[in-house]
Amino acid sequence: MGDKKRKRPRKSKPATDEETASPDHNTTTTSSNATTSKNDVVVIPAPEPAETSDPESHGLRRGRSKNKKKKSPPTSATVPDRRSSRIAEQNGDYAATGSVAEPPLMPKWEGSGAAAKVVPSMDAVVKVFCVHTEPNFSLPWQRKRQYSSSSSGFIVAGRRVLTNAHSVEHHTQVKLKKRGSDTKYLATVLAIGTECDIALLTVSDDDFWEGVSPVEFGDLPVLQDAVTVVGYPIGGDTISVTSGVVSRMEILSYVHGSTELLGLQIDAAINSGNSGGPAFNDKGKCVGIAFQSLKHEDVENIGYVIPTPVILHFIKDYEKNGAYTGFPVLGVEWQKMENPDLRMSMGMASDQKGVRIRRIEPTAPESHVLKPSDVIISFDGVNIANDGTVPFRHGERIGFSYLVSQKYTGDRALVKVLRNLEILEFNIKLATHKRLIPAHIKGRPPSYYIIAGFVFTAVSVPYLRSEEHNCYKKLPYVLVSKGV
């Protein structure tokens, strides 16, 4: 009688939620009929796939079902995976096919489209290795001990590389290494722009240019635009990325070139080794080159970037003339005319504005037409304000030397001046600044002449700095010898 009770449940019964939620997910039933163990335990036969109403009951099986007539419905365990596959297919990561195990759900980063545009530009950022040999100005027939440095650069169109001029100054050997590569390629210096602190390099090895897309230049950014500085600063060997915003835009003093050109101030960290690295906008286009930073105890996170107008001027100048010719200047020193008494003494009307010339460089070509105490009213048709600024963009003004720097060597500009209550116009041919004492020797060794035990050499600012440094080094020993 007990046997009859055991054999009574012959009809298959669908699995319940409690049975499918069992923690033992590795157990599967393979027999189509109910069997009885020695311990009188009844084994419930597995339901047929066609009769299954609960979708979670099929989730206990691994692989395909034996009944191929009807495809089993998706389970709750596989739905997130299919959703992740759709996300991955949209991002272009992989394509799910067949019954291949799908990867785990990847997070979808915000701004993934912008990041995809930045990646090729970051691959174009290279590390610059340079061996320097500075001249010995005290002994011009000798050179100082060699030293090496590392900086950053990036690939541009025409199989060329841009970096800073001070990164390859007095170079003996320059090598470049791409991101993710272990090979250093020998580079050739095509041009060095000392004033704008930009150098142009190239590599003869074709392997260097494979698989790399050149960086594209963007428009001049506005204030509060996001910028990302990419390079190889100190602190590691891999590429580094710092971000910030454009804080200021004005005429800056370029320390290496001893000149004043347009520059951007950003709050992104620019450390040693970042020099020559590009600054990208949120669209992945280059808007400048990192070249210097302000180090002071009262300030922090003040870096400077060479903007695209200066970069494109350098590149176009090289392509136009086959060499770098420089940025033209007027060669005058001027003062503001904001004082009403000063304007009255110069005979200026109430509606006239301009700046007064204090001094003219004797080597400047403008010295033949311009004179001290002349008031420059306009340059190339653009009126100059009493503070020496001109309209730049909507709501912005900039120094009028920006208009001069946009010209090329040999170009002409119309200058309107006020002299002895008379307005004069001069069509001036612009040229680079040739000082009596050069601010730099453009990477060349100093010239010298020896006669009768005397050494004659050309005076320059680097020579004076070298001698000043040597005097400071010898000064303590002189004081000690005197018993001070």
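Colleague: Over which ring does the charged end of Lys 184 sit?

Modeller: A charge sits over a ring if NZ of Lys or CZ of Arg is within 6 Å of the ring centre and within 35 degrees of the ring normal. Here the charged end of Lys 184 sits over the ring of Phe 129, 4.0 Å from the centre of that ring. Lys 178 lies over the face of Phe 208, at 5.9 Å from the ring centre. The model is predicted, so local features need pLDDT of at least 70 and side-chain atom pairs pLDDT 80 or more, while totals for chains, interfaces and linings use all residues. Residues are numbered from 1 along each chain as its sequence is written, and side-chain values use heavy atoms, without hydrogens and water.

Colleague: What is the bridge partner of Phe 129 in β4?

Modeller: Strands are DSSP runs (E, at least two residues; helices are H or I, at least four), numbered from the N terminus, and two strands pair if DSSP finds at least two bridges between them. The partner of Phe 129 is Lys 175, and Val 131 has Gln 173 as its bridge partner in β4. Strand β1 (residues 125-132) and strand β4 (residues 171-177) run antiparallel and are joined by six bridges. On to the next neighbour: β4 also pairs with strand β5 (residues 185-193), again in the antiparallel sense, over two bridges. There Leu 176 stands opposite Tyr 185 in β5.

Colleague: What do six strands form in the order β1-β2-β3-β6-β5-β4?

Modeller: They form a closed barrel with antiparallel pairing.

Colleague: Which residues form an aromatic cluster?

Modeller: Rings of Phe, Tyr and Trp (its six-membered ring) pair if their centres lie within 6.5 Å; planes under 30 degrees apart are stacked, over 60 edge-to-face, and the rest tilted. Tyr 185, Phe 208 and Trp 209 form one cluster, and the structure holds nine aromatic pairs. In one of these, the rings of Phe 137 and Tyr 463 have centres 6.5 Å apart and planes at 70°, so the pair is edge-to-face. Phe 137 lies in the loop between β1 and β2 (147-156) and Tyr 463 in helix α8 (residues 461-481), so this pair ties together parts that are 326 residues apart in sequence. Tyr 254 belongs to strand β8 (residues 240-254) and Phe 291 to strand β11 (residues 286-293), so the parts tied together are 37 residues apart in sequence.

Colleague: How many residues has the largest nonpolar core?

Modeller: In soluble globular proteins, nonpolar side chains tend to be buried together. A nonpolar core is a set of buried Ala, Val, Leu, Ile, Met, Phe, Trp, Tyr and Cys residues joined through side-chain atoms within 4.5 Å. The largest here has 84 residues, and those with the most contacts inside it are Leu 162, Leu 176, Phe 208, Phe 314 and Phe 379. A second, separate core of six residues includes Met 337, Met 346, Val 375 and Leu 418.

Colleague: How many helices and strands has the chain?

Modeller: The chain has eight helices and 22 strands. Of its 484 residues, 37% count as buried.

Note on methods: Buried < 20%, exposed > 50% of the residue type's maximum accessible area, 1.4 Å probe, protein only.
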